[in-house]
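Hi,

Here is the structure I promised to pass on. Have a look at it first, and then read on for what turned up.

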Amino acid sequence: MGKNVDTSIQGKATGSAAQEVERHSGEHPLKLYAGWFCPFVQRAWIVLVEKKIPYQYIEINPYNKDPDFLALNPRGLVPTLGVPTAQGKDLKPLYESSVICQYLDEAYADESKHGPALLPADPYERARCRLWMDHVATRIVPGFYKLIQHTPQKEFPIERAREELHGHVKTLVREMDSSGGGPWFAGGDFGMVDVMLAPWALRLWLIDHYKPGGFGAPKVGEGGDDEEIWARWRKWLDAVENRESIKATCSVREQYIDVYKRYADDTTNSLVAQATRQGKSLP
Ligand SMILES: N[C@@H](CCC(=O)N[C@@H](CS)C(=O)NCC(=O)O)C(=O)O
């Protein structure tokens, strides 16, 4: 039997992420069960680093479905967070990257220790952020997988998958603040919409690497009628690539090439990939 493309994933972070793992390998009551390669994990990881929250990083391979892990998260997915109980013994589990990120933001709200909240205080503005977090989760992220898993055997052309993804990205970019010159979704304040999207934005180069025509974002001056939108996108992406909390959770590029080949070949049986193949919503 050939090696399983999912369970045989190389099991360790490299580069900056390896240093972050090393700094957080000691026993701590707050535990992040993680896979170094996983963009959903990276969301929670960025929040932990951004807010200087003490935690323990625990690398696991979620495709192995270890019974101890399933006992914490019956969905068998990373990220899973182990939250200490008041007694300090058993762990209370949390899962779903967006839920974990919002929990961390609320539970570690002391600005003097953890910096500004990642969601705005005003109820309307907070709800509006959640609307665009939902757009990332239900449009952009599925669009990413539809494009990277495209093969010549699919019943639709790759151009269609690319145009769909461009459409969803441009819809979000039109909502980004452009009044004060700050790069983030909310202008000067780095926030939760940025966290939700950053891991996939950072992986778009893998589509360029593997797929004919790549992600295909227009280069400077080549955006035609949409040049302004693409310029705003480039500004956001540049800020993402330079944010310390984001850089700290990235492994070296070559390692991603290896681990995303199974998506590019459409051979992975990850639950995300299966859902993409079947045209269902993502787990
Ligand atoms: N909706 C979940 C998705 C998490 C997810 O799919 N994680 C992947 C790794 S990137 C996983 O654990 N996959 C295991 C599997 O597909 O069996 C979230 O937002 O946390």
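Before the pockets, the terms: on a 1 Å grid over the protein atoms alone, a pocket is an open set of points with protein on both sides within 12 Å along at least five of seven lines, a cavity is a set of points where a 1.4 Å probe fits but cannot get out, and lining residues have an atom within 4 Å of a point. Volumes are the space filled by probe spheres set on the points, with grid points joined across faces, edges and corners.

Now the provenance. This is a predicted model, where local features need pLDDT of at least 70 and side-chain atom pairs count only at pLDDT 80 or more, while totals for chains, interfaces and linings use all residues. Residues are numbered from 1 along each chain as its sequence is written, and side-chain values use heavy atoms, with hydrogens and water left out.

On to the largest pocket. Its volume is about 740 Å³, and 40 residues line it, with Phe40, Leu77, Glu96, Val272 and Pro283 nearest its centre. Helices and strands here are DSSP runs numbered from the N terminus (helices H or I, at least four residues; strands E, at least two). At least two lining residues come from each of α2, α4, α6, α12 (253-264) and α13 (271-277), and α6 gives the most, with 8. By class, the pocket lining has 22 nonpolar, 10 polar and 8 charged residues; Ala, Val, Leu, Ile, Met, Phe, Trp, Tyr, Cys and Pro count as nonpolar, Asp, Glu, Lys and Arg as charged, and the others, Gly among them, as polar.

The whole structure has 1 cavity of 30 Å³ or more, and the largest cavity holds about 40 Å³ of space. Ile140, Phe144, Leu165, Val169, Leu197, Trp200, Ala201, Leu204 and Trp233 form its lining. Two or more of these residues come from each of α6 (123-148), α7 (158-175) and α8 (192-201), and α8 gives the most, with 3. The lining is made up of 9 nonpolar residues, with no polar and no charged ones.

Two helix pairs are worth a look. For these, axes are lines fitted to C-alpha atoms (for helices, over the stretch in contact), and angles run from 0 to 180 degrees between N-to-C directions. Angles under 35 degrees count as roughly parallel, over 145 as roughly antiparallel, 65 to 115 as roughly perpendicular and the rest as oblique. Contact means heavy atoms within 4.5 Å.

The axes of α2 (residues 39-50) and α4 (residues 97-107) come within 9 Å and cross at roughly 5 degrees, so α2 and α4 are roughly parallel to each other. Phe40, Arg43, Ala44, Val47 and Leu48 of α2 touch Ser97, Ile100, Cys101 and Leu104 of α4. That contact has 7 nonpolar, 1 polar and 1 charged residues.

For α7 and α10 (residues 227-242), the axes are 10 Å apart and the angle is about 80 degrees, so α7 and α10 are roughly perpendicular to each other. His166, Val169, Lys170, Val173 and Arg174 in α7 meet Ile229, Trp230, Arg232 and Trp233 in α10.

Two backbone details: the peptide bond from Val78 to Pro79 is cis, with omega near 5 degrees, and Pro79 sits in the loop between α3 (67-72) and β3 (80-84). Lys52 is not a glycine but has a positive phi of about 50 degrees; Lys52 is in the loop between α2 and β2 (56-59).
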